Amino acid sequence: IADGFLSTLLSNPRRALAGLYMGRGTVLDRHGLALAISEGDAGSYVRAYPVPAVGAVIGYDSMLLGQAGLEAALDSTLRGDSAHDPWTLWRSRLLTGYAPRGPDVRVTLDGELQTLAADLLAGRRGAAVVLRADSGDLLALASSPWFDPNRIEEEWDELAERTDAPLVDRALRGSYQPGMSMAPFVLSWAVRSGMADAASAVAGARTPVRIGARQITCLTEGTSPLVRLGSALQAACPEPFAALGRRMGASSLEAMASAYGLDRPLGLVVGEGALD
């Protein structure tokens, strides 16, 4: 067994007890708003989430259920295991049996924007992702329906049985129509290169695209056979953009991917680890 492996297991009771005595670092949004904090006194620390709408992405740290989301991805830092020099770690463990409390961590999320996105999604199944175009910072990763991480232990059985799956982070783990995530980039590149624009008319927008044994067509009902590219994008019709991609050709699509950074790893720390 690798050195330190047992101490990182979620099922190790000593690891869970350490959180009760040492607490964890605070997770802050981009403006310094606390998203996850340790409340109480040594021996009875509990994790609290002042902005419940971030539940899907912030996850939870629970004695009963373990961890999920950013609480799991950033665990080593929040607990202090990877945030202190070896001497400080050795001294703290010698005197207390635990690592020192971990440092606070600031993420790119905007707590207010996350709450707004969650409110706008209320009553629907889906997700909303908001990014800064100039930096790529993730400002909101909203999933609907969502759960309140402050009540995860009390409501776990109910949440696990619900057919609308509130425990699934639809922003990161949901399954969506393949290919349409590329459509805005294809249209943008076609506009940039003078091949088309959003007002360009296309025929047969509802023509299905066959992928293996599946046929995929527009997600919005009632789309007329002749529409404009902008309307086809709004209705998530794949055929106009598949045809546009064929017109652009492989070399143009490769240049598009490179220009938009789609051929480079994201290196995002989300969910249960880094997304490459």
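The dialogue below works through a predicted model feature by feature.

Q: What should I know about the numbering and the atoms before I read this model?
A: Residues are numbered from 1 along each chain as its sequence is written, and side-chain values use heavy atoms, with hydrogens and water left out. Because the model is predicted, local features need pLDDT of at least 70 and side-chain atom pairs count only at pLDDT 80 or more, whereas totals for chains, interfaces and linings use all residues.

Q: How many helices and strands are there in the protein?
A: Helices (H or I, at least four residues) and strands (E, at least two) are DSSP runs, numbered from the N terminus. In this protein there are 12 helices and 14 strands.

Q: What share of the residues is buried?
A: Buried means under 20% relative accessible area, exposed over 50%, and partly exposed in between, with a 1.4 Å probe and protein chains only. Of the 276 residues here, 38% are buried. As for the surface, the protein exposes about 15400 Å², of which carbon and sulfur atoms supply 55%; such areas come from the Shrake-Rupley method with a 1.4 Å probe, and for residues only the protein chains shown count as cover.

Q: Which residues of helix H10 are buried, and what covers them?
A: In H10, which spans residues 183-193, the buried residues are Ala183, Val186, Leu187, Trp189 and Ala190. They cover an arc of only 165° around the axis, so they sit on the same side of H10; the arc is that of the directions from the helix axis to the C-beta atoms. What covers these buried residues includes H11 and H12. Just after H10, Gly194 takes a positive phi of about 80°.

Q: How should I read contacts between residues that are apart in sequence?
A: Contact means heavy atoms within 4.5 Å. Among contacts in this protein between residues at least 6 apart in sequence, 54% join residues at least 24 apart.

Q: Where in the chain is the disulfide, and which hand does it have?
A: A disulfide is a pair of cysteine sulfur atoms within 2.5 Å. The structure holds one, formed by Cys218 and Cys237, whose sulfur atoms are 2.0 Å apart. The torsion about their S-S bond is about 115°, and therefore the disulfide is right-handed. The pair links distant parts of the chain, 19 residues apart, with Cys218 in the loop between strand S11 (214-216) and strand S12 (226-228) and Cys237 in the loop between helix H11 (229-234) and helix H12 (238-259). Both Cys218 and Cys237 are buried.

Q: How many salt bridges does a search of the whole structure find?
A: A salt bridge is a side-chain nitrogen of Lys or Arg within 4 Å of a carboxyl oxygen of Asp or Glu. The search finds nine of them. In one of these, the side chains of Arg24 and Glu71 meet at 3.0 Å, N to O. Arg24 lies in the loop between helix H2 (13-22) and strand S1 (27-28) and Glu71 in helix H4 (residues 69-73), so this pair ties together parts that are 47 residues apart in sequence.
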